[in-house]
Amino acid sequence: MRYRPSRRTRRLALGLAAACVLAGLNGPVLYDIAADAYHDHRIRRPGYLAENGRWQTVDVPERYRINTIHAALLHTGKVLLVAGSGNDARMFDAGTFRTVLWDPATGTFRNVPTPADLFCSGHAQLPDGHLLVAGGTRRYETLEGDVEKAGGLMIVYNENPDRAKTLAEGTLFTGRRNGKTFAAQDNLLVPRADKTVDPDTGEVTVTPGSARVYVEARKKGRAPATGAQDQYRVHGLRGAERRNVYGIAQKLSFDKKDFQGIDTAYEFDPVAERYIPVDPMGEARWYPTLTTLADGRVLAVSGLDEIGQVVPGRNEVYDPRTRSWEYLPDARFLPTYPALFLAGDGRIFYTGSNAGYGPADRGRTPGVWNLETDEFTEVPGLSRPDVLETSMSVLLPPAQKQRYMVLGGGGVGESAKSTARTALVDLDAPRPRFTDGPDLYAEVRYPTGVVLPDDTVLVTGGSGGYRARGTGDVLAAALYHPGRRTFEQVADPLVGRNYHSGGLLLPDGRVMTFGSDPLFADTEETRPGDFEQRIGVYEPPYLHRDGDRPALHDTRRGRETVALGESVTYRTEDARSLARMRLIRPGSATHVTNVEQRSVALEFTLTADGVRVTLPEEPWLVPPGWYMVVAVDERGVPSEAVWLRVPADPDAPSPATTRRPPPPDPGY
């Protein structure tokens, strides 16, 4: 008799067959779900966390979400997030400029009134804990084909040796030959002429004073455009001024108009949580670098000026005591956002890293710059110098060793070039020279490098192409170990970071990452990109090791100031386990540029109930300002930071300055 399955057996078989069919149809989905679940389980295991760390994202309430272009850690423990207009022309046109304060300890946010468009400004920490913010955006770029009015650079001359001349915004200039009229787009002060008398012959020489202004036709259309140099009469002048004051312009056309900078400067007060206006710079600057000097003053270099050209080597110094600016007496041309570090004996080390604008063949050679003599000594040996733009540079820990690292980078402008190369240099060597270091996790522009208290460097993010063009973001991170000269790949970040991104060390030992501004949302370049407004937080492996973290207790409330060479004692129950003490300057990051961050080794001795640390004596090693003091135990686990302030050293190197601008850099 032939076997006949029961009704129940037939139902089970049909159900199993249906399940197999569904599984076949949905196999990839089920596999992905299972794989994601396994990955999530794996990265949460204690062993994985202790080796790789963990990434998280901060839930930012909608009213506080901004296009963070700049970020700086303040001595209050809060982070200043600055967007300005946030690379959004609509925000710029509406005069909507944004700044937000984030407190990582409490997870709270606060909107801060922002007085100007600080998009693409420079910033540096000051001795009293204020943050200097200088420069920003006067005008957005206009691409060729979108320019509606002819315009360009007008140089205005004044041949009167007795008096400067002020011209108001809107002043008209008419060509003597072409008869075409243009209007000044800004107020302008033209200095008086220089008058010299030869003591032997009595011959008098008058050199006209000059100033530059962006001018534009009064009406739209092609008719006002010019094609040749002309001298321009200034409307509204009388008598001798009509002869003494005049303009000269080359072609005034419909060429692409670059971004234009502002000369505005502010100090941000972390306690009052507001911007304080200070004297403006002598030059307008968009994409400048600000570097704190050994005496507490701040060097400002490069940037696009008020007519959209790279500032012609006119570098300035801000004095926080007078809140005013003076020029360095000599001109030195650098591309925008150059990586300039305060190095040995108060000199400035330029690694060659930069971000953005400037000719490919000028100002890009790495070297050591003596501000007192204007001597520039090239540092050779850098392989592939053609891919320094959008690279990151870091002063490796501890800062006493004067070792620097260049990470990744790409070609000039919108070049498709990128590199995984790293380069190392020891400035204390008899003849400093770059050598290649280990390759990064990928060929990347815009990598972020953050110095950690255990003397490693977290490197993360970037994209293979210009603003992620054609490649997308690289979701990778690695820890660099300077002693071993090796990278150790760690947990992959959750959010991609490319142009307009950066990172900072937080007082609790975590790292925050911010920003990212891709041109497109897909590698096929069919959808416009969106600015990344999420904040990322990385917990390094040292925060997941067994046992409690060491703890420092500051008993000096109200007495946080410690001078160079002096000692200070902290209470701790973990003194016997301590392996090193570090003094870490809070970072200030934008456009792969963070020249503020540095980690300084502290000499220390154990006391009956704590640890006594002694600050170095070299002012170039510890420029004045607020610092985080961190204890690190034998496992490499850091304490949470306590803060102290280092005052300016009266004997620190102090380069001379002048009220008058130097002549333009030769060859500009």
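Biologist: Is Glu-273 buried or exposed?
Modeller: Buried: in this predicted model, Glu-273 has a relative accessibility of 13%, and the cut-off for buried is under 20%.

Biologist: What does the Glu-273 side chain meet in a salt bridge?
Modeller: Lys-78, at 2.7 Å from N to O.

Biologist: OK, how many salt bridges does the structure hold?
Modeller: There are 31. One of them joins Glu-148 and Lys-220, with the closest N and O atoms 3.4 Å apart.

Biologist: Where are those two?
Modeller: Glu-148 is in the loop between S8 and S9, while Lys-220 is in the loop between S16 and S17, 72 residues apart. Lys-220 is exposed at 56%, whereas Glu-148 is partly exposed at 49%.

Biologist: What about Arg-469, which residue does it bridge to?
Modeller: Glu-525, with 3.5 Å between the closest N and O atoms. Arg-469 lies in the S35–S36 loop and Glu-525 in the S39–S40 loop, so the bridge ties together parts 56 residues apart in sequence.

Biologist: Switching topic: which residues gather in the positive surface patch?
Modeller: Arg-176, Arg-233, Arg-238 and Arg-242. Of these, Arg-233 is in strand S17, residues 230-234, and is partly exposed at 32%.

Terms used: Residues are numbered from 1 along each chain as its sequence is written. This is a predicted model: local features need pLDDT of at least 70, side-chain atom pairs count only at pLDDT 80 or more; totals for chains, interfaces and linings use all residues. Side-chain values use heavy atoms; hydrogens and water are left out. Patches are made of residues with over 30% relative accessible area and no salt bridge: like charges are joined within 9 Å, nonpolar side chains (Val, Leu, Ile, Met, Phe, Trp, Tyr) within 5 Å. Accessible areas come from the Shrake-Rupley method with a 1.4 Å probe; for residues, only the protein chains shown count as cover. A salt bridge is a side-chain nitrogen of Lys or Arg within 4 Å of a carboxyl oxygen of Asp or Glu. Lys and Arg count as positive and Asp and Glu as negative; His and the chain ends are not counted. The place of a charge is taken as NZ of Lys, CZ of Arg, CG of Asp or CD of Glu. Helices (H or I, at least four residues) and strands (E, at least two) are DSSP runs, numbered from the N terminus. Buried means under 20% relative accessible area, exposed over 50%, partly exposed in between (1.4 Å probe, protein chains only).
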